[in-house]
Amino acid sequence: MPFGKARPPSIASDHGVLRIFSLDLHVAVIADVKNVLHRLFEDKVQVDDWNITGYGDPSKFGFAKPWKVHEGHTDANIITADNWYGIDSEMIRAFLWEHAASLRHYDAFIVTHTPVFCRLFESFGKPIILVNSCRYDLPYCYNGRLSELSQLNECLQRLQHNGLLLAVSNNKADRDYLELGAGISSVHIPSLCQYTSVTHLPDVAALNPPCLGVREARPGAGKGEGEGE
C-alpha cells in the first residue's frame, strides 16, 4: 500500500477555491506542482508560495520566463535563506507566533524542498502534500542535531497516522531513504517539468556536447586545477 497504513488525506475547501500555502527553498519543484494543480483544477486552486532563496527568476538558469514565481518572499522573516539550516523547535515556535494567524486560513500546505518544513504546519491540522525531492533529513543530516531529526521523524509519522500526509517522492533513491529513515511510504512520481515549456529533442541533444549546468557556468569552469585563472 503506497501510503502506508493510513489513507491519504482528502482536501476540501469551504469557499469554492482551494487555498494552499508553501514555504520553499527551491524554485523548480513547487513550480512543477503548481503547474500540475492548475492544469487539473484550473482556477479552483490557489497556491501561495514563499520562495526564500531568491532564485525565483528562471532566466538565471538559462530559461525564458514562461511561468510565474516569486523573486524571494520577504515576509518569511523568521526562517530565511541564511538561517534555515539551523531550523529547530525554537525557530518553529517563533515562526508560528509570527505567521499562524494568516496561515490557519489555508486549506492545505505543500512541502517540497525541504521536508523539515512539515514541522511548521503540523499544528494546523490540515492536509500536507509532501513532494520529497532531496534527502528528507536536511539539515540534520549535516548539522548532526539528532534530537531535532527525531522530532522530524515523529512529526511525519503523526501526520501519516492521522491521515494528513500525502507523500510523493520524485526519485526512487529519496523514496527509499524516506522509508528507511522515517518509516514513511511514498509514491514515486517523477517530475514532469512542464512548467519550463521546453521540448526534449534527443536528436538535437546528441549533436551538442554535454552541459555541466549553470552552477558551473563561469570562467574557467570544467578546466583542470589552476587553469583558466
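**Threonine 114 and beyond**

Mentor: Let's start with threonine 114, which counts as buried because its relative accessibility is 0%. Keep in mind that this is a predicted model.

Trainee: Where is threonine 114 found?

Mentor: Threonine 114 sits in the loop between strand 3 and helix 3 (118-121).

Trainee: And what does threonine 114 touch, not counting residues up to four places away in sequence?

Mentor: Its contacts are Leu25, Trp84, Arg135, Tyr136 and Leu138. Asparagine 132 is 18 residues from threonine 114 along the chain, and the two C-alpha atoms are 7.4 Å apart.

Trainee: What about the peptide bond from histidine 113 to threonine 114, cis or trans?

Mentor: That bond is cis, with omega near 25°. Most peptide bonds are trans. There's also a cis bond from leucine 138 to proline 139, with omega near 5°. Proline 139 lies in the loop between strand 4 and helix 4.

Trainee: OK, zooming out. How many helices and strands does the chain have?

Mentor: Seven helices and six strands. Going along the sequence, the pattern reads β-α-β-α-β-α-β-α-α-β-α-β-α.

Trainee: In what order do the six strands form the sheet?

Mentor: The order is 2-1-3-4-5-6, in an open sheet with parallel pairing. Strand 2 and strand 6 (187-188) are the edge strands, each pairing on one side only.

Trainee: How many bridges do strand 1 and strand 2 share?

Mentor: Seven bridges, in the parallel sense, with strand 2 covering residues 45-51. One to click on is leucine 23, whose bridge partner in strand 2 is tryptophan 50.

Trainee: Why is strand 1 largely enclosed by the rest of the structure?

Mentor: Because six of its seven residues (residues 18-24) are buried.

Trainee: And how do strand 4 and strand 5 pair?

Mentor: They're parallel as well, over five bridges, with strand 5 spanning residues 165-169. Asparagine 132, which came up with threonine 114, has serine 169 as its bridge partner in strand 5.

Trainee: Switching to charges. How many salt bridges does a search of the whole structure find?

Mentor: Seven. Among them is aspartate 49 with lysine 34, at 2.7 Å from N to O. That pair links distant parts of the chain, with aspartate 49 in strand 2 and lysine 34 in helix 1 (residues 27-41), 15 residues apart.

Trainee: Are aspartate 49 and lysine 34 buried or exposed?

Mentor: Both are buried.

Trainee: Which side chain does aspartate 174 meet in a salt bridge?

Mentor: Arginine 135, at 2.6 Å from N to O. Aspartate 174 is buried, with a relative accessible area of 2%, whereas arginine 135 is partly exposed at 36%.

Trainee: What does arginine 175 form a salt bridge with?

Mentor: Aspartate 176, with the closest N and O atoms 2.9 Å apart. Arginine 175 is partly exposed at 24% relative accessibility, and aspartate 176 is partly exposed too, at 40%.

Trainee: Now aspartate 107. Where is its place in the chain?

Mentor: It's in the loop between helix 2 (89-103) and strand 3 (108-111). Aspartate 107 is buried but has no salt bridge.

Trainee: One more residue, glutamate 42. What is its phi near?

Mentor: Near 55°, which is a positive value in a residue other than glycine. Most residues other than glycine have a negative phi. Glutamate 42 is in the loop between helix 1 and strand 2, and it counts as exposed because its relative accessible area is 58%.

Terms used: Residues numbered from 1 in each chain as written. Predicted model: local features only at pLDDT ≥ 70, side-chain atom pairs only at ≥ 80, totals over all residues. Heavy atoms only, no water. Helix = DSSP H or I, 4+ residues; strand = E, 2+ residues; numbered from the N terminus. Buried < 20%, exposed > 50% of the residue type's maximum accessible area, 1.4 Å probe, protein only. Lys, Arg positive; Asp, Glu negative; His and termini not counted. Salt bridge = Lys/Arg side-chain N within 4 Å of Asp/Glu carboxyl O. Pairing = 2+ DSSP bridges. Contact = heavy atoms within 4.5 Å.
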